[in-house]
Amino acid sequence: MAAKAVGPVKRSFAPWRDPASAPFIEFRNVTKRFGDFVAVDDLTLTIYEREFFALLGPSGCGKTTLMRMVAGFDEPTVGEVLLDGQNLAGVPPYRRPTNMMFQSYALFPHMTVEANIAFGLKQDRMPKADIATRVEEMLALVKLTPFAKRKPHQLSGGQKQRVALARSLARKPKVLLLDEPLGALDKKLREDTQFELVDLQQKLGLTFLIVTHDQEEAMTVADRVAVMDQGRIIQVATPAEVYEQPNSRYVADFIGDINLLEGRITVCNDGFIRLDCGVGGGTVEVDQTMDATPGENGWFAIRPEKMTLSLDPPENPTVNCIAGDVWDIGYLGDVSIYHVRLAGGATVKATVTNRTRLVERPISWDDKVWLTWPRDAGIVLTR
Amino acid sequence: MNSRTSWFNVTSVTLGLAFLYLPILLLIIYSFNESRLVTVWAGFSTKWYVELFSNKGLLDAAWVTLRVAFFSATVATVLGTLAAITLVRFGRFYGRTLFSGMIYAPLVMPDVIIGLSLLLLFVSVDFGRGFWTIVLAHITCSMCFVAVVVQSRLVAFDRSLEEAALDLGCPPVKTFFQITLPLIAPAVIAGWMLAFTLSLDDLVIASFTTGPGATTLPMKIYSQVRLGVTPEINAVSTIMIGLVSIGVITASLMTKRRQASRIRAERQAAANR
């Protein structure tokens with residue numbers, strides 16, 4: 001996540017931690033129904049100025065509906081949406097200070113690149129000379145100056161995407177809405193464009209709201225991520241928090257790979273939890289403060305890269321250690337993923353970085369292995 | 001693909017083409033006949049074309065036909081386009097099935113019945129029959145064709161283009177004229193041309209709804225043919241066939257050219273990235 005380490009300004013940007021900061025976009029108890037289908041279910045969310053905010057979830061979770069309510073294409077059935085203190089109820093899309101970049105780009109096929117970018121400015125009755133200057137500025141911003149006179153069908157996918165971006169930024173909207181903006185690009189181009197988006201957002205100092213089902217994309221670009229499911233928000237946090245401290249099995253499972261071991265909480269003190277995971281998992285100890293009572297059911301969640309794989313048993317094989325047989329190995333070049341079958345029948349994944357140039361790995365199929373981890377590597381979840 | 005030309009293929013194509021075009025070909029050939037007798041060839045001549053342009057009755061009828069076709073096609077295009085938009089865009093409104101059924105009914109309704117019912121209507125409301133009653137009748141029966149053509153284009157239309165225009169501050173009516181209409185224009189023009197040709201060659205409905213002083217070309221030709229086919233009629237028909245052919249060929253050449261340049265541009269874009 002190189003983009004996150006741009007500078008000290010970025011790192012200290014956290015208006016959501018400051019109770020004094022004013023909300024910019026506010027969803028207040030918003031419900032949206034289409035007939036019997038509840039797309040958004042009593043949702044409350046606050047987004048701050050200059051924030052790059054991502055709505056993340058599987059298709060049909062209500063994330064696009066939420067964005068369309070900001071743009072004005074859908075009105076909430078119940079509740080209200082506020083932008084910069086103004087209630088947006090009844091304000092039509094063409095009077096809202098927001099602009100959207102569509103998933104299909106929605107470039108006007110009968111207009112040149114230039115005319116596409118100028119379209120919004122003409123609606124605002126900007127003087128002709130100013131429009132020309134602004135269009136040139138936008139073309140330079142997305143590095144498409146030589147393509148000004150082309151029609152959309154004469155552009156490649158990546159170029160179309162940049163025209164769409166320039167068009168939606170030309171009117172200097174208060175909020176830029178991005179609906180799966182990179183979905184149609186190939187992987188390499190997508191990665192480059194993600195970083196360009198972040199740079200652009202910081203340079204322009206605008207509020208960006210992005211909708212995506214791609215968790216990597218959300219984590220790369222966003223200051224905060226809202227993970228959604230069935231019209232509700234499950235967790236809102238920074239990408240690192242969502243990844244390292246998911247609040248539920250749903251979030252843990254949706255973001256990246258995770259191993260879940262079911263067990264019973266036996267000790268729950270301030271900063272320490274012990275979990276009994278039975279035959280397969282053994283005893284698990286975690287440095288964690290949480291509100292749980294001994295005897296309650298819990299899940300120990302640990303990411304594959306946080307476990308150490310070894311052919312020799314550790315000194316204390318009873319705590320934070322599980323043993324099993326190598327069932328399968330996925331070699332990805334930079335890392336190998338080991339699927340380890342435990343005594344109870346469950347399978348656990350462990351990632352090992354390939355630090356040496358050995359073609360023959362020391363750990364192979366059917367080897368008996370031990371997986372160990374420190375007390376701060378995993379997390380106990382109760383829902 | 002099988003590119004072999006078997007005797008069966010050749011025969012069926014020849015028979016099919018002959019069936020369709022032999023009568024027309026005969027008509028064109030006989031329009032250049034020297035003789036007044038239509039069925040006897042007496043050498044090449046263009047005198048019937050010359051004579052045609054001094055036949056005031058035929059020329060007047062042609063002018064009436066063109067005007068009727070122009071007005072009725074234009075109004076039918078506006079109404080048909082609006083009907084298509086309603087059907088595609090307004091989703092499930094109360095009475096939608098009835099509305100679409102009623103729009104498409106004239107497609108399958110016999111011309112005689114349409115003509116007769118319109119005649120009864122015009123008589124009962126005491127509407128002076130003539131030029132405008134033919135126009136009204138032609139609007140009635142050709143707007144459904146426009147609606148069908150435009151609707152098929154609208155179904156494939158990407159709604160997000162309109163949303164993008166709204167999003168960029170363009171009010172709905174302006175969006176329709178600046179974005180939607182230019183993009184469905186090919187279908188609207190095709191609908192207009194269809195309505196125009198339907199009106200051009202209609203005999204039945206025009207005969208029912210016409211009044212004194214408004215004789216269309218098909219009516220004129222029909223009434224003259226009852227007195228015997230003259231080579232003049234052949235000449236008029238040949239000119240009409242020529243006009244229609246030029247129109248069709250131009251339209252297809254234009255689409256083909258546009259497609260070719262589009263494909264070229266897309267290839268270039270793919271190569272440039």
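# Chatting through chains A and B

User: Hi! Which helix shall we start with, and what is its reach from first C-alpha to last in helix 5 of chain A?

Analyst: Helix 5 of chain A covers residues 157–169, which is 13 residues, and it reaches 19 Å from its first C-alpha to its last. That is close to the 18 Å expected at 1.5 Å a residue, where the expected span is 1.5 Å times one less than the number of residues. Helices here are DSSP runs of H or I with at least four residues, strands are runs of E with at least two, and both are numbered from the N terminus. One caution: this is a predicted model, so local features need pLDDT of at least 70 and side-chain atom pairs count only at pLDDT 80 or more, while totals for chains, interfaces and linings use all residues. Residues are numbered from 1 along each chain as its sequence is written, and chains are lettered from A and ligands numbered from 1 in the order in which they are written.

User: Good to know. Is helix 5 of chain A enclosed, and how many of its residues are buried or exposed?

Analyst: Eleven of its 13 residues are buried, so helix 5 of chain A is largely enclosed by the rest of the structure. Buried means 20 or more other C-beta atoms within 10 Å of the residue's own, exposed means 12 or fewer, and partly exposed is in between, with C-beta atoms placed from the backbone.

User: Switching to cores: which residues have the most contacts inside the largest nonpolar one?

Analyst: Those are A:Val70, A:Ala166 and A:Leu177, in a core of 106 residues. A nonpolar core is a set of buried Ala, Val, Leu, Ile, Met, Phe, Trp, Tyr and Cys residues joined through C-beta atoms within 7 Å. The core draws at least three residues from each of domain 1 (2–97 + 173–249) and domain 2 (257–381) of chain A, with bounds that come from an automatic or database domain assignment.

User: And what does A:Val70 touch?

Analyst: Leaving out residues up to four places away in sequence, A:Val70 touches A:Ile25, A:Val81, A:Leu83, A:Thr98, A:Val175, A:Leu177 and A:Leu209. Contact means C-beta atoms, placed from the backbone, within 7 Å. There is also a second, separate core of 44 residues, which includes B:Ala73, B:Ala195, B:Leu200 and B:Ile233.

User: Back to the domains of chain A. How many residues are in contact between domain 1 and domain 2?

Analyst: Four residues of domain 1 of chain A are in contact with five of domain 2. On the domain 1 side, those residues divide into one nonpolar, two polar and one charged. For those classes, Ala, Val, Leu, Ile, Met, Phe, Trp, Tyr, Cys and Pro are nonpolar, Asp, Glu, Lys and Arg are charged, and the others, Gly among them, are polar. The two domain centres, taken over C-alpha atoms, are separated by 34 Å.

User: What about chain A with chain B: how many residues are in contact?

Analyst: 22 residues of chain A are in contact with 22 of chain B. Helix 3 of chain A gives the most to chain A's side, with three residues. That side has eleven nonpolar, nine polar and two charged residues.

User: What does UniProt list for chain B at residues 62–254?

Analyst: The unreviewed entry lists "domain: ABC transmembrane type-1" there; UniProt positions are in the numbering used here, feature names are shortened, and annotations may be inferred rather than shown by experiment. In the model, that span is 81% helix and 0% strand, with end C-alpha atoms 28 Å apart.

User: Where is A:Ala252, and is it buried or exposed?

Analyst: A:Ala252 is found in helix 9 (residues 249–254) of chain A. It is buried, with 25 other C-beta atoms within 10 Å. A:Ala301 is 49 residues away from A:Ala252 in sequence, but the two are 7.6 Å apart in space, C-alpha to C-alpha.

Technical notes: Two residues are in contact if their C-beta atoms, placed from the backbone, lie within 7 Å.
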